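Visitor: I am new to this structure and would like a close look at one part. Could you walk me through the sheet, and then show me what lies beyond it?

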Protein chains: 2
Amino acid sequence: FRKKELKVDELYNQIINGDKSALSRGITLVENNNPKQQEKSAELLEKCLPHANRSIRIGITGVPGVGKSTFIEAFGGYLADKGKKVAVLAVDPTSTVSRGSILGDKTRMETLVNHKNAFIRPSPSGDSLGGVARKTRESIILCEAAGFDTLLIETVGVGQSETTVHSMTDFFLLLKLAGAGDELQGIKRGIMEMADAIVINKADAENKRPAERARSEFRRALHLYPEKENGWKPQVLLCSALHREGIEEVWELISSFEEKVKKNGFFEHNRQEQNKFWLLQTINEALKNRFYQHPEIKELLPKQLKAIERNETTPFEAAALLLEKYRNL
Amino acid sequence: FRKKELKVDELYNQIINGDKSALSRGITLVENNNPKQQEKSAELLEKCLPHANRSIRIGITGVPGVGKSTFIEAFGGYLADKGKKVAVLAVDPTSTVSRGSILGDKTRMETLVNHKNAFIRPSPSGDSLGGVARKTRESIILCEAAGFDTLLIETVGVGQSETTVHSMTDFFLLLKLAGAGDELQGIKRGIMEMADAIVINKADAENKRPAERARSEFRRALHLYPEKENGWKPQVLLCSALHREGIEEVWELISSFEEKVKKNGFFEHNRQEQNKFWLLQTINEALKNRFYQHPEIKELLPKQLKAIERNETTPFEAAALLLEKYRNL
């Protein structure tokens, strides 16, 4: 018991001193589903929390092929060179994909990975988006406690992951391409409403013209949406991450957003609303974990599933049986 | 106690005798979240289950404006005239929308509503898609026990509702429009994969040509997907629900689907997989209900939410506190 306290304390001290390797170990702890490790993780989080929150959290989404890795390398590198402390996290339950996009392509991410002001963490593995989301949210806290002030949270835009990233960020950036028939079509409903900025990447050489046309199209489309509660009007920018063009403008836009919503109170309001949402999510995940991790349920559930397959029971009967058992455990 | 048993028995007898008003009352009972009513509801379901399952469950989705009400009126009317017993249910947590689409526009649904072989039930109210889904699944059982053999389950296609409807139906029909720039664009990823048929509505007069072009486009697009496990190749049809054209062809297609997957065993296999999914969903909903409906939690949760707003606590601390309290209750 003594030793355990000591280790969390030690980890905590290293993390708030900005030790990246300790931060990595801290995130690994947070990602561990083992109940004992979860206790330690809760302790670590509680200690780190007073040091967190001093950051801007930027969500970045876009379909595969849009150049997310290159953009994050360019944008993160620009910020790190400016003296910002940049942490890159990924949210995706299909971890192979985002591992590919963040760390797989070493040649593109090499500079940022080795930058003294940057920290890159691939997607946590997890069997549900809820689980992955919790781990990412907790990783954000640790990164912030370690002094990272600019968080880039990436998602590959599959299923609900954008909504998840949107629920944990201050600014939501949608990366797009032009010239590939990729203008308005293929945008999932709801993504446009979430975006604070649309950045059209690869706007160079023969792509420049189509990108400009796409910009007009997106601007028109954005005009159709009612003004956001926080008073921010989503903007459309062009960039070429590969040639490091338009990167500064993206940062200027985010800075002006930050200034505006900090002034009118919506930065703080949004974080409070997100915290309330996280409370409910954390509870729901915990309720499920308690149930499905219980040894008796672990033994009974597969039997009930088999019985359903054999038409010996119905989902309602089986659920009632398991829930009744659980109630009396 | 005596009286309660009598009432469920009575309701059960009326339902299996095909009494539509009893069926309505049964669904109202199933939709009631009150724990006492939920007990009765479980009893009713258990009694009805042996009489259920003898049906084809058809999911129908499409964006607002695509003509879902008109299509359901035409298609449901055609089937009811044929002697089928048709029940129409809606899945949507945003109940105002689907109430509008099913019952609001009386002039369009009038014929089906009054048909002796038809039963129409608007969307259940509910604060989560999970809750609405459970109610709809249980309503399906009651409808089937009442002798309805053809279930049309409608969703307006907002958020996750298609996935939910897909998880409770045998056949999934995507309704589309042509000529409104509505061909492939605006289709959410995943919807195409779910569709067993795409039906292009309003394919009449000056819309006929664009509809035919859209049909080619959809056919090409569908070819890009790998063959479904059940051996079914999704089809694209044209119809004009308003002019009652192409309706019979839709039913013939569904019948040939039913024959094929009943022969190769996938009809049954799919229902078993759905039942396993329902088991887990039912459990997850129940775990949440137990927690959030608990009197102590009902009192404590709003206080913790307030404390989060005032930055007096964090989502993690608040969740830990509530979960610990709940564990010891």
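Guide: Let us begin with the open sheet in chain A, where seven parallel strands follow the order β3-β2-β4-β1-β5-β6-β7. Strands here are DSSP runs of E with at least two residues, helices are runs of H or I with at least four, and both are numbered from the N terminus. Two strands count as paired if DSSP finds at least two bridges between them. At the edges of the chain A sheet are β3 (118-120) and β7 (235-238), each of which pairs on one side only. On average, neighbouring strands of this sheet are turned by 20° against each other, direction ignored; the axes behind such angles are lines fitted to C-alpha atoms, for helices over the stretch in contact, and angles run from 0 to 180 degrees between N-to-C directions.

Before going further, please note that this is a predicted model, in which local features need pLDDT of at least 70 and side-chain atom pairs count only at pLDDT 80 or more, while totals for chains, interfaces and linings use all residues. Residues are numbered from 1 along each chain as its sequence is written, chains are lettered from A and ligands numbered from 1 in the order in which they are written, and side-chain values use heavy atoms, leaving out hydrogens and water.

Within the chain A sheet, you can follow β5 (residues 171-177) and β6 (residues 197-201), which pair in the parallel sense over five bridges. There A:Leu177 stands opposite A:Asn201 of β6(A).

Now turn to chain B, where seven strands with parallel pairing form an open sheet in the order β3-β2-β4-β1-β5-β6-β7. Its edges are β3 (118-120) and β7 (235-238) of chain B; each has a single partner strand, so one side of each is left without a neighbour in the sheet. In chain B, β2 (residues 86-90) runs parallel to β4 (residues 150-155), joined by five bridges, and B:Val86 has B:Thr150 in β4(B) as its bridge partner.

Next, see where the chains meet: 44 residues of chain B are in contact (heavy atoms within 4.5 Å) with 44 residues of chain A. Between these chains there are two salt bridges, each a side-chain nitrogen of Lys or Arg within 4 Å of a carboxyl oxygen of Asp or Glu. On the side of chain B that touches chain A, α7 (129-145), α12 (266-292), α13 (295-309) and α14 (315-327) of chain B each supply at least two residues. The largest share, 16 residues, comes from α12(B).

Finally, look at A:Glu309, which forms a salt bridge with B:Lys276, their closest N and O atoms being 2.4 Å apart. Over all chains, the count comes to 25 salt bridges. A:Glu309 lies in helix α13 (residues 295-309) of chain A and B:Lys276 in helix α12 of chain B, so this pair joins two chains.
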